[in-house]
Amino acid sequence: MIKSVGIVGAGTMGNGIAQVAARAGFDVVLYDISTEVLKDAMARIKEDFRRGVEKGKITATEATEAFSAIHPRRNFGDMGNADFIIEAVAEDLNVKKEIFKKLDAIVAPEAILTSNTSSLSISAIASLTKTPESVVGMHFFNPPALMKLVEVVRGRQTSDETTKTACDLALRMKKIPVVCKDTPGFIVNRVARPFYGEALRLLAEGVATVEEIDMIVKMEGGFKMGPFELMDLIGIDVNYAVTKSVYEQFFHEPRFRPHPIQRQMVEAGTLGRKTKKGFYTYK
Ligand SMILES: NC(=O)c1ccc[n+]([C@@H]2O[C@H](COP(=O)([O-])OP(=O)(O)OC[C@H]3O[C@@H](n4cnc5c(N)ncnc54)[C@H](O)[C@@H]3O)[C@@H](O)[C@H]2O)c1
């Protein structure tokens, strides 16, 4: 029976997943290497709960209980007592492998280890542990509190039991789990590559502006957000890393090639909403 959830990484996804886990009644340990990020994450969580109460989505008592169930930590060893780990750090296979190696050394043998990776191989991440059958992908979407879907990604060695536990946990968090195979970008991020890629090519060719492309996609395509608004929300760095990862894992198939605009924006540090500047400017 899972009681405590450990979350590695308190950035955009980590702090959102922490809220959802706490609302589902789990005790949450939220770890990040950065004190600053942890402080911001707790402030953000507090504010999100406050707005939830204001909108009548949760009661003040539920918000207080959920908030007090989240424990920010800077000591990696504190993840050792969690029954279920969700890793949400940078989309970089080497960074994730290092974390799973360290997790493997501290968690109980029956703990389930999951990664919120958007595109990387769960089988490769699992290979660093003694229990690859207990490693599974759990791909939440942004923002985790609102988005219903969770892709549950089965690595080569993931067991049926682990897959079921991850699906059950997603259901307890009021999410809709969809089990899929371990393939670069899984389902959603594979389908989404041309959505961003073609929009960037249209922009680079001067066919239309950022605002025009976003407007047309929303108006005629029925999308809630245009590709540029969505890249700003996701983070240009994260989106670029995912595109690069899918491209590389498919042996440089041209249809998945990233666009130089993305690289240039990452190099310039204009990463979207999180830096208040991306394709749009934010206050
Ligand atoms: N942003 C999105 O829209 C989105 C959606 C779904 C999945 N994801 C995936 O979730 C993961 C995290 O993305 P994000 O957008 O939250 O990134 P982010 O940059 O907002 O947060 C990543 C966090 O990881 C921390 N970190 C980095 N190295 C660490 C380490 N070694 N130990 C502990 N913490 C470390 C950083 O301090 C940062 O706070 C990525 O794999 C990404 O692909 C992102």
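**Exercise 1. Find how much space lies in the second largest pocket, and which residues line it.**

Solution. About 270 Å³ of space lies in the second largest pocket of this predicted model. On a 1 Å grid over the protein atoms alone, a pocket is an open set with protein on both sides within 12 Å along at least five of seven lines. Its lining residues have an atom within 4 Å of a point. Grid points are joined across faces, edges and corners, and a volume is the space filled by probe spheres set on the points.

Step 1: take the lining. It has 17 residues, and Asp 83, Glu 110, Ala 111, Ile 112 and Glu 161 are the closest to the pocket centre.

Step 2: assign elements. Helix α6 (residues 160–172) gives the largest share, 3 residues. Helices (H or I, at least four residues) and strands (E, at least two) are DSSP runs, numbered from the N terminus.

Step 3: sort by class. The lining holds 7 nonpolar, 6 polar and 4 charged residues. Here Ala, Val, Leu, Ile, Met, Phe, Trp, Tyr, Cys and Pro count as nonpolar, Asp, Glu, Lys and Arg as charged, and the others, Gly among them, as polar.

Two ground rules apply. Residues are numbered from 1 along each chain as its sequence is written. Local features need pLDDT of at least 70, side-chain atom pairs count only at pLDDT 80 or more, totals for chains, interfaces and linings use all residues, and side-chain values use heavy atoms, with hydrogens and water left out.

**Exercise 2. Describe the shell around the ligand.**

Solution. Step 1: list the neighbours.

Step 1: check polar contacts (N or O pairs within 3.5 Å). A polar side-chain atom of Glu 91 lies 2.5 Å from a ligand oxygen atom. For Lys 96, a polar side-chain atom lies 2.8 Å from an oxygen atom of the ligand. Ile 234 uses a backbone N or O atom, 3.0 Å from a ligand nitrogen atom.

Step 2: Elements giving two or more residues are α1 (12–23), α4 (93–106) and β6 (135–140). By class, the shell has 10 nonpolar, 8 polar and 4 charged residues.

**Exercise 3. Locate the largest cavity and state what lines it.**

Solution. Step 1: count. The structure holds 1 cavity of 30 Å³ or more. A cavity is a set of points where a 1.4 Å probe fits but cannot get out.

Step 1: size and lining. About 70 Å³ of space lies in the largest cavity. Of its 13 lining residues, Arg 193, Tyr 196, Gly 197, Thr 243 and Arg 257 are the closest to the centre. Helix α7 (residues 188–204) gives the most, with 6 residues.

Note on methods. Near = heavy atom within 4 Å. Polar contact = N/O pair within 3.5 Å; in protein donor to acceptor, adjacent residues only side chain to side chain.
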